[in-house]
Amino acid sequence: MDTKTKTYRVGDARITRVTDTLLHGLTPTYLYGDWDAGLLNEQPRLRGLLDDNGEHVTLSVHTWVIEWGGQVILIDTGIGNHKARPFSALFHQLQTPFLERLAAIGIQPADVAHVLLTHLHVDHVGWNTRLVDGQWLPTFPNARYVMPQGDLDFFASPAGEGRRMVYDDSVAPVIAAGQSVVMGGDGGAYLEGFHFHPTPGHCAGHMSISLTSRGETALFTGDVVHTPMQIYRPQWNSVFCADQDQARTSRRWLLDFAVEQDALVLPAHFTDTSAGRVTHQDGGFAWQFV
Ligand SMILES: [Zn+2]
């Protein structure tokens, strides 16, 4: 399992990936309804994203850790441990050494000042909380957790009933502890240098988050893209996307923004280094891991 850390500098910020787990066994045809193997002939390097027999893609689940101005800021918090997820074996009752990996880069839970959540899906909010004496408590006792209003509204609606357990064990305890900050649907600035950009479609409240320091930009995409294949095929939505047209519109906006800003792009599920740059190519886009 590739969990080695690599640290990037964007202006004055240090950014490091800390892995929660890897999700194996997804077929490209399951992940992308519009899957067409012709992409692999056109872009042979993308074959490297498939496992040895060429049948499955792997998704990484990780947190981006930002050290900046003496503060520690996390983007998304993975799947978490001990969580009952009867709807998917991929997420059910995991036990990963995520906190040990955080400690290995010198960070204790009490050091974290802010947790910025791109959205409130099961694989992005898990380490918001941990089980202590039978109770779900915020993992990061001194952090403010920023969460999108649109996803809180979803959990409050009948449509959110099937995932209410995620809210109950990973979101509600943070709110109950008085540690939540709600980001409205229009997004906006947070702290100095962070900006929440509405990128709905994958889910109603989805936000991508940029960080600008000394003229350099990092772009945390969340789930606007799941693999580099979608950089070359921005019209491909994942099976997890809720609103198909919105998801495509958000993806094109994000890719244009990434090119314009020459951003270090830091998706939530890419494997390899999980980081790279987007460029224009042949009227579309191209991806380069860095
Ligand atoms: Zn995700």
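W287 is buried, at 4% relative accessible area. Buried means under 20% relative accessible area, exposed means over 50%, and partly exposed lies in between (1.4 Å probe, protein chains only). The model is predicted, so local features need pLDDT of at least 70 and side-chain atom pairs count only at pLDDT 80 or more, while totals for chains, interfaces and linings use all residues. Residues are numbered from 1 along each chain as its sequence is written, and side-chain values use heavy atoms, with hydrogens and water left out.

Aromatic pairs were examined next. The structure holds 14 of them. Rings of Phe, Tyr and Trp (its six-membered ring) pair if their centres lie within 6.5 Å; planes under 30 degrees apart count as stacked, over 60 as edge-to-face and the rest as tilted. F140 and Y145 form a tilted pair, because their planes stand at 45 degrees, with ring centres 6.5 Å apart. F140 has 0% relative accessibility and therefore counts as buried. Y145, at 0%, is buried too. W287 pairs with F289 in an edge-to-face arrangement. Their centres are 5.5 Å apart, with 90 degrees between the planes. F289 is partly exposed, at 24% relative accessible area. Y32, W35 and W236 form one aromatic cluster.

Charges over rings were also found. A charge sits over a ring if NZ of Lys or CZ of Arg is within 6 Å of the ring centre and within 35 degrees of the ring normal. K83 lies over the face of W136, at 4.8 Å from the ring centre. R163 lies over the face of F87, at 3.7 Å from the ring centre.
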